[in-house]
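Trainee: I am new to this structure and would be grateful for a close look at a single part of it. Please take me through the pairing of charged side chains.

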Amino acid sequence: MTESSFRRNGEYEPEYPQSHGQHAYTPVTPVNPEWPPPPAYEPEAARVMQEAAPVQEPAPAPKKRARGPVALLAAVAIVAAAIGGGTAYGIQELTGNDTVAASSSTSTSVVPTSEKGTVAGVAKAVSPSIVEISASSNAGESTGSGVIITSDGEIITNNHVISGASQIKVSTSDGKEYSAQVVGTDSAKDLALIKLDNASGLTTATLGNSANVQVGDEVVAIGSPEGLTGTVTSGIVSALDRDVTVSTDESQGQQQQQQGGGWPFEFGGQQFNGDTGSSTTTYKALQTDASLNPGNSGGALIDMNGNIVGINSAMYSASDATSSSSAGSVGLGFAIPINTVKADLETLRAGGSDS
């Protein structure tokens, strides 16, 4: 029977007085008088108990040591949590973002904290990354928009903006003009990648995560409708995953743009802004009531943190007239989700699916 069992049962409370370097065992009266007296020990048994006692004496110590690592781990966890919280706070202060998202594509806010959540703040932060595109072909000249994605001049736009063009001119928000070359096109997604000649130090856009977009989210559109560079409009996301059908025939779209109307598209079995022709493609689009007009194609649809969530691609015009003065937005615009763009980017850099 060990010391710990004595104490646990209440039979004995051993004492260990020092005597010439050895411990002596002295039994005491049981705490409860109704308990039976302790058994009589033979001298040999008492000697064994005396020799065993030093081994059992440190028993409480391991319990204290066992609590040490637990306390240490708890302290480390608290410190780590404090450091983590401090880091998150620091990131929020630097980026102006109220929440730190898991995805870096959505955690960065390009809008200053003092202007966060405002159309003015978004416009100021993102406008330098939006360009006007003028594409010349045998059919004439058309105007669209684009989004700068690299500092040396890679620009995302709609395929129908540059399709069939023999010459492409690009104007940045600061008034500089560049020539551009087509890198790759994907008519099935109505996307194209162009590259400016001899460009450097350009302000790039931040590509967000369109999977996080919800109906009712506030958005800002920036583009060059009717050649009005840097036009800013705002609204909300009206719907998700709209099946929008557009023409892949370059002459079809350019002819319509020359007539001053928007890019022809089909939705719900009906055609808008002209005939889409026999060669078409369908993609899932974000619907927005942010005002889009001819020339907004290829421009940016932006969330309130300044992240690009879509590339504006189609708009409904209430007028079937050929005059641009009678065509305009009625709050039905469509944008290609930015996740579709990001998934297609390497294909475009390699020449696109149409090469």
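Predicted model: local features only at pLDDT ≥ 70, side-chain atom pairs only at ≥ 80, totals over all residues.

Mentor: E154 belongs to strand β5 and R349 to helix α8 (residues 338-349), so the pair ties together parts that are 195 residues apart in sequence. E154 is buried, its relative accessible area being 13%, while R349 is partly exposed at 33%. A network of salt bridges links E154, E346 and R349.

The count of salt bridges comes to six. Another of them joins the side chains of K195 and D152, at 3.9 Å from N to O. Because K195 sits in strand β8 (residues 191-196) and D152 in the loop between β4 (140-148) and β5 (154-157), this pair ties together parts 43 residues apart in sequence. K195 is partly exposed, with 26% relative accessibility; D152 is also partly exposed, with 34%.

K284 and D243 likewise meet through their side chains in a salt bridge, 2.9 Å from N to O. K284 lies in strand β14 (residues 280-288) and D243 in strand β11 (residues 231-247), so parts 41 residues apart in sequence are tied together. Relative accessibility is 44% for K284, which counts as partly exposed, and 38% for D243, which counts as partly exposed.

E132, in strand β3 (residues 130-137), presents another case: E132 is buried yet has no salt bridge, and K169, the nearest side chain of opposite charge, is 13 Å away. The side chain of E132 does make a polar contact of 2.3 Å with that of T229.

Terms used. Residues numbered from 1 in each chain as written. Heavy atoms only, no water. Helix = DSSP H or I, 4+ residues; strand = E, 2+ residues; numbered from the N terminus. Buried < 20%, exposed > 50% of the residue type's maximum accessible area, 1.4 Å probe, protein only. Lys, Arg positive; Asp, Glu negative; His and termini not counted. Salt bridge = Lys/Arg side-chain N within 4 Å of Asp/Glu carboxyl O. Polar contact = N/O pair within 3.5 Å; in protein donor to acceptor, adjacent residues only side chain to side chain.
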